[in-house]
Amino acid sequence: MAPNVQPKMKAFETKSKPAEIRSSNIEAAKAVADAIRTSLGPRGMDKMIQSGKGDVTITNDGATILKQMKLVHPAAKMLVELSKAQDVEAGDGTTSVVVLAGSFLEAAQKLLEKGIHPTVISESFQKASVKAVEILEAMATPMKLEDRHSLLMSATTSLGSKVVSQHSALLAPLAVDAVLKVIDPLKDHDVDLRDIRVIEKLGGTVDDTELVEGLVLDQRSAGSGGPTRMEKAKIGLIQFCISPPKTDMDNQVVVSDYNAMDRVLREERAYILNVAKQVKKAGCNVLLVQKSILRDAVSELALHFFDKMKIMVVKDIEREDIEFITKTLNCRPIASLDHFLPEYMASADLVESVPTGTSKVVKITGIQNVGKTVSVIVRGSNKLVLEEAARSLHDALCVIRCLVKKRFIIAGGGAPETELAYQLTQYAQGLPGVEAYCLRAFAESLEVIPMTLAENAGLNPIATVTDLRNKHACGFKSSGINVRKGAITNMLDEGVAQPLLVTTSAITLASETVRSILKIDDIVNALY
């Protein structure tokens, strides 16, 4: 009898396993979404993250929180990848995208419990996300890059939910100016954020943050008696060392008497003096030296000669900064002394070493035929504020980049999500059977954004969202939750706007991730 029972038991186990796996995946992903839900919106809370080394980070940026979270479950890790994808695509809305994904999963879980097949739910969600993007594009307002007011409005909205929101009057125009300086508004449809160099400097307050049209080097000028300010500068960027040459192999030189030792030192001195004279002869008076891992980039003796010749030296320039420096100065890096020629150098009106907070930076301004790059010095009174200010500025820059990519804005404050929920519900009424049911669930789950905004602002979520729903049913497409006044108002009149790309990207990426999780019916551990 026993042998006959065994196969039935196995068949039964196999049937229930996919449902358990799906349920486990959904629960894990929902837990991650719930963890960062309180960080959404201008009244959202911040998270304090402590690393294993004891480093502390305070932030409410979804991507930063998730990146530093220690997650074990593979489905939970998919939400981390989701926020990274949103960060790459739009740069802002990293919290919203995870909260949306959590809400879609909750809707999917209820549909699964009603016996609807995962593939049917997945296909319906795909259809709903395509329709949602169409609705958003129809309600968006086109804008031009000359419209500074719209750009500032979007940047200020992005900064509104950050720790440094009180400084948005300074940071928003700074982000707008930085992006507009590195692109040609008529031709460019993307922004390379590597052309905007953000340097964090401790000391001072966020109000001291400044945009520098030119180049800022994090290093200080080398040498003690040399010049720290140079007008009408001729700048040379070298990639070779000005120190005694070494052989390729490790070897030992045995010096038997003082005469031989003296000769070695004289040779060294003559070699370095020759290099310094060549530099001076080319007309260079500011020398930038790339960092070397083999030996000193500039020896003490070389610094002594340069000080005497009134040549300013900035050493230890990182290899990855070379491209940005050459693009800004419009010069070429010089790899050997033979190529140290005037035509490879750059000209600038002023190079000076400036004290900034607890250290110094070298500022190069008035560069002739300057490249399309800018530098931003971000200041903060302590490390936590400084890092969060830099992250917030990055988000604001990304928002302006979104507007360069897709020049449309929509209202913020939960308005687009509520409008989508209303229009998708209307659309679902014309569809047959189960598909309509799934679409309605998708539409309802979009209301998690206004619901969370209301909760985080201390308002009554149910009353607020019901009121908001009524406004949208009456045709007020831009009505959203005004957390400052605790009421429903027109968001565009209040100056709360966001790029279309942030919302379309969030809905598309969230529904893609949810579809991936729904399609999984087993987790298999690999050998390696």
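Predicted model: local features only at pLDDT ≥ 70, side-chain atom pairs only at ≥ 80, totals over all residues.
## The chain as a whole

The chain holds 17 helices and 17 strands. Its C-alpha trace spans about 100 × 70 × 40 Å along the principal axes. The radius of gyration is 30 Å, whereas a compact globule of 528 residues would have one near 24 Å.

Let us start with helix α3, which covers residues 74-89. Its 16 residues should span 22 Å at 1.5 Å a residue, and the end C-alpha atoms are 23 Å apart, which agrees. Which residues of α3 are buried? They are A75, A76, L79, V80, L82, S83 and Q86. The spacing within such a list is worth a look on the structure, because residues three or four places apart in an α-helix point the same way. After the helix comes G91, with a positive phi near 90°.

Helix α11 (residues 383-405) packs against α3 at an angle of about 65°, and the two axes are 9 Å apart. The contact brings D87, V88 and E89 of α3 to H394, R401 and K405 of α11.

Three strands form an open sheet in the order β3-β14-β17, with antiparallel pairing. The edges are taken by β3 (141-142) and β17 (497-499); each has a single partner strand, so one side of each is left without a neighbour in the sheet. Helix α6 (residues 148-159) packs on this sheet and touches β14 and β17, its direction making about 95° with that of β17.

Strand β14 (residues 408-411) is joined to β17 by three bridges, and the two run antiparallel. Here A411 stands opposite A497 of β17.

## Strand β11 and its neighbours

How enclosed is β11? Eight of its eleven residues are buried, so the strand is largely enclosed by the rest of the structure. On one pairing, β11 joins β8 in the antiparallel sense over six bridges, with A233 opposite A348 of β11. On another, β11 pairs with β12 (residues 359-367), again antiparallel, over eight bridges. P355 has K360 in β12 as its bridge partner.

The hairpin of β11 and β12 has two residues between the strands, and G357 takes a positive phi near 65° in it.

Most residues other than glycine have a negative phi, which makes the next two residues worth a visit. K232 is not a glycine, yet its phi is positive, at about 50°. This lysine lies in strand β8 (residues 229-238), and is exposed, with a relative accessible area of 69%.

N330 also has a positive phi, near 60°, without being a glycine. Where does N330 lie? It sits in the loop between α10 (322-329) and β11 (346-356). With 45% relative accessibility, N330 counts as partly exposed.

Methods
Residues numbered from 1 in each chain as written. Heavy atoms only, no water. Helix = DSSP H or I, 4+ residues; strand = E, 2+ residues; numbered from the N terminus. Buried < 20%, exposed > 50% of the residue type's maximum accessible area, 1.4 Å probe, protein only. Expected span 1.5 Å × (residues − 1). Axes fitted to C-alpha atoms, helices over the stretch in contact; angles between N-to-C directions. Contact = heavy atoms within 4.5 Å. Pairing = 2+ DSSP bridges. Rg over C-alpha atoms; globule rule 2.2 N^0.38 Å.
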